[in-house]
Amino acid sequence: ERLLLTESETADGEVLSIEARFGVDSVFTIDLQRRGASTSFRALQAGEAVIGMSSRPVKNEEVASLSQTYGVDMRDRASEHVGGLDGLAVIVHRDNPLLSASLDVIARSFAGEVTNWEEVGGAPGQINIHAPDEQSGTFDTFDSLVLKPRGKSISPRAVRYAQKARVKEAVDTDRNAIGFASLTQATEEGSEREKALAINLECGLVTSPDPFSVKSETYPLARRLFLYTLGE
């Protein structure tokens, strides 16, 4: 007999269960849930997860809560593990003539202060904003790197999504849309209908989201991806 792995997935694609069986005996089961970084820390707190995946660093309040419950420092090397690097890509429809923008322009656009593409060098048309919801580590990273440093908040007009893939789907079908996604998502197969904007730096250079700029962390929206454990 040999070890047999079987997979089952929920209809929304947010939970994947992998069961290993040896003959009729179940050896182990792995449940993978992708419902936003914040849910990882809540699951660790509740004892429902062994590993918490996060696309943002652990927050101070999460550190305090987990330390009180388990006596561990979530920022210690035994708890915080960098699993990889990724970047956030600001995405627009392929037919949008805009190729690059500064972080200030991007922040003002997502805050709703710039409402027409013509104001930032694009073709006339209302800027339609799409973004992940508050549970998303992707949103938290964008908020901390783009909006908060400039005293901005995302516009109440923004359409928010629990499933991050839907941001890309919205941009795919709307010539006036703007959104953001992980670079991995933005460059995956089937992403021909949108494009990632390059970032105009204050020094005058323009940097594009690509593997080199992310690995060297010279791209201003590069981020680290984490695996968190309770001191293990």
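Trainee: At roughly what angle do the axes of helix 3 and helix 4 cross?

Mentor: This is a predicted model, in which local features need pLDDT of at least 70, side-chain atom pairs count only at pLDDT 80 or more, and totals for chains, interfaces and linings use all residues. Residues are numbered from 1 along each chain as its sequence is written, and side-chain values use heavy atoms, with hydrogens and water left out. Helices (H or I, at least four residues) and strands (E, at least two) are DSSP runs numbered from the N terminus; axes are lines fitted to C-alpha atoms, for helices over the stretch in contact, with angles from 0 to 180 degrees between N-to-C directions. The axes of helix 3 (residues 103–111) and helix 4 (residues 137–147) come within 10 Å, and they cross at roughly 120 degrees.

Trainee: Which word describes helix 3 relative to helix 4?

Mentor: Angles under 35 degrees count as roughly parallel, over 145 as roughly antiparallel, 65 to 115 as roughly perpendicular and the rest as oblique. The crossing is at roughly 120 degrees, so helix 3 is to helix 4 oblique.

Trainee: Which residues of helix 4 make the contact with helix 3?

Mentor: Contact means heavy atoms within 4.5 Å. Helix 3 contributes Leu103, Ile106, Ala107 and Phe110, and the residues from helix 4 are Phe142, Val146 and Leu147.

Trainee: Which residues of helix 2 are buried, and where around the axis do they lie?

Mentor: Buried means under 20% relative accessible area, exposed over 50% and partly exposed in between (1.4 Å probe, protein chains only). In helix 2 (residues 60–70), Glu62, Val63 and Leu66 are buried. The arc is that of the directions from the helix axis to the C-beta atoms; these residues cover only 100 degrees, which puts them on the same side of helix 2.

Trainee: Which residues are exposed on the other side of helix 2?

Mentor: The buried residues of helix 2 pack against helix 1 (37–45). On the other side, the exposed residues are Asn60, Glu61 and Gln68.

Trainee: Which residue in strand 2 stands opposite serine 8?

Mentor: Strand 1 and strand 2 (residues 15–22) run antiparallel and are joined by seven bridges. Opposite serine 8 stands serine 17.

Terms used. Pairing = 2+ DSSP bridges.
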